[in-house]
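Reader: I would like to learn how to read a multi-domain model. Please go through the features in turn.

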Amino acid sequence: MQKIYILFLGILLVSCGKKETKTATFSLKDGSWHVALTVQDEKELPFIFTTTAKGIEIHNAEERISVDDITIKEDSITIKMDVYEGVLKGKFTDSNTIKGEFVKVSLDRTVPFTATFGETNRFPKLKTDAKANIAGNWETVFSPNSEDDCYVAKGIFKQNGNIVIGTFRTTTGDYRYLEGTLNGDQLQLSVFDGAHAFLFTATVTDDSMNGEFQSGNHWKEPFMAKRNETYELPDAKSLTYIKEGYDEFNFSFPDANNNMISLSDVTLQGKVRIVQIMGTWCPNCLDESKYYSNYAKNNPDIKFIALAFEYTKTKEKAVANMERLQKRLNIPYPILLAQFGTSDKKKAQEKLPMLNHVLSYPTTIFIDKQGKVRRIHTGFNGPATGDKYVAFKKDFENFVSELQNE
């Protein structure tokens, strides 16, 4: 009777939208799953996903990430992220528990995880009321004691009781939708988006933060912050520029079909051109690509071109990632392969020697109808930045309209 039950269960699971085989002995129970990645110092980096008709939905504050590439065979499960290389690979130890690893093959990185059914709290249930209110803006410095690694950021947070959401903006982008708790004076924030797994912990007062940032289990650094409601980051339009001695911005790179495309192609002359320096592995680039795709569809006279800098080890894998991103987001403009094997920014700058540097993925270059670079915007204020994202879109659309009307 046990064998018959298992076979019958497998047949039933085929219809639920996930890629499950007739030999599946377990399934993802409908409801909430708590995932804890084990990072450095045995700390846990948690997130929540819920099951859907098509797969799962990862929760980060207001963000919901749909994932439908899920395979279950016997006691093994593989969850392939929507557009990123990252994969959650695990085994059911029982119907309520999965143990495995978050894997990024091209970077040779693995992070252990345990997923538990039924838990809806991202962090453990709170024992102490919040002793501070950190809602507002924070002037922040990461790696403050390191000359080489030090960089500035702006913390933007909202708080409701013990619950905190927000992000850190840097000159190169933002740390996306952070969500967590303030338990007494102990702040915990995390995000998992399939590409990055970030954990922030800090001791806080109403006016100060001292803490640590961990990225997966391969990087950690200290940070300190002070409340400053008027603090702003350096102007994103002044950080990257065309070097002296170069009269124009140009390139020739292949698309996914190995067709060489150049900014000087006849079909692009006399058009406003937007060049997006990006990578398929980059969440900020994904946010930007969603916005640019929608804008490009509604403004076909504006010519967008994306230059992908991929860390995957082979050209074939890089091209496959480009095609996956283009298909998943329905991107209407070409994505060209500018580099593979590394995402090193110094190497990227060698491919675009007219730039003083490639400081950030993404970076956007605005070129007018006469072929002159009119603006270079470093980084991207994504939807997690709230008002800054709204302001970015308004500024972008106004400036592109000016170029188009010239």
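**A loop and its proline**

Author: Start with one residue. In this predicted model, Pro362 sits in the loop that runs between helix H4 (345-351) and strand E25 (363-367).

Reader: What is the peptide bond from Tyr361 to Pro362, cis or trans?

Author: Look at the omega angle. From Tyr361 to Pro362 the bond is cis, and omega is near 5 degrees.

Reader: How many helices and strands does the chain have?

Author: There are five helices and 26 strands in the chain. Along the principal axes, the C-alpha trace spans about 75 × 50 × 35 Å.

Reader: Into which domains is the chain divided?

Author: The division gives domain 1 (32-117), domain 2 (136-227) and domain 3 (252-405). Taken over C-alpha atoms, the centres of domain 1 and domain 3 are separated by 30 Å. Their contact takes 13 residues from domain 1 and twelve residues from domain 3.

Reader: How is the size of an interface often given?

Author: It is often given as the accessible area lost when the parts come together. Between domain 1 and domain 3, the buried area is about 1,100 Å², and carbon and sulfur atoms give 47% of it.

Reader: How many salt bridges are counted between domain 1 and domain 3?

Author: The count is four salt bridges. For a single pair, read the distance between the closest N and O atoms: Arg328 forms a salt bridge with Asp82, and there these atoms are 2.5 Å apart. Polar contacts are a separate count, and between domain 1 and domain 3 it comes to five residue pairs, both residues at pLDDT 80 or more.

Reader: What classes of residue make up the side of domain 1 that touches domain 3?

Author: That side of domain 1 has seven charged, five nonpolar and one polar residue.

Note on methods. Residues are numbered from 1 along each chain as its sequence is written. This is a predicted model: local features need pLDDT of at least 70, side-chain atom pairs count only at pLDDT 80 or more; totals for chains, interfaces and linings use all residues. Side-chain values use heavy atoms; hydrogens and water are left out. Domain bounds come from an automatic or database domain assignment. Contact means heavy atoms within 4.5 Å. Buried area is the accessible area (1.4 Å probe) that two parts lose on being put together, summed over both. A salt bridge is a side-chain nitrogen of Lys or Arg within 4 Å of a carboxyl oxygen of Asp or Glu. A polar contact is a pair of N or O atoms within 3.5 Å; within protein, one must be able to donate a hydrogen and the other to accept it, and residues adjacent in sequence count only if both atoms are side-chain atoms. Ala, Val, Leu, Ile, Met, Phe, Trp, Tyr, Cys and Pro count as nonpolar, Asp, Glu, Lys and Arg as charged, and the others, Gly among them, as polar. Helices (H or I, at least four residues) and strands (E, at least two) are DSSP runs, numbered from the N terminus.
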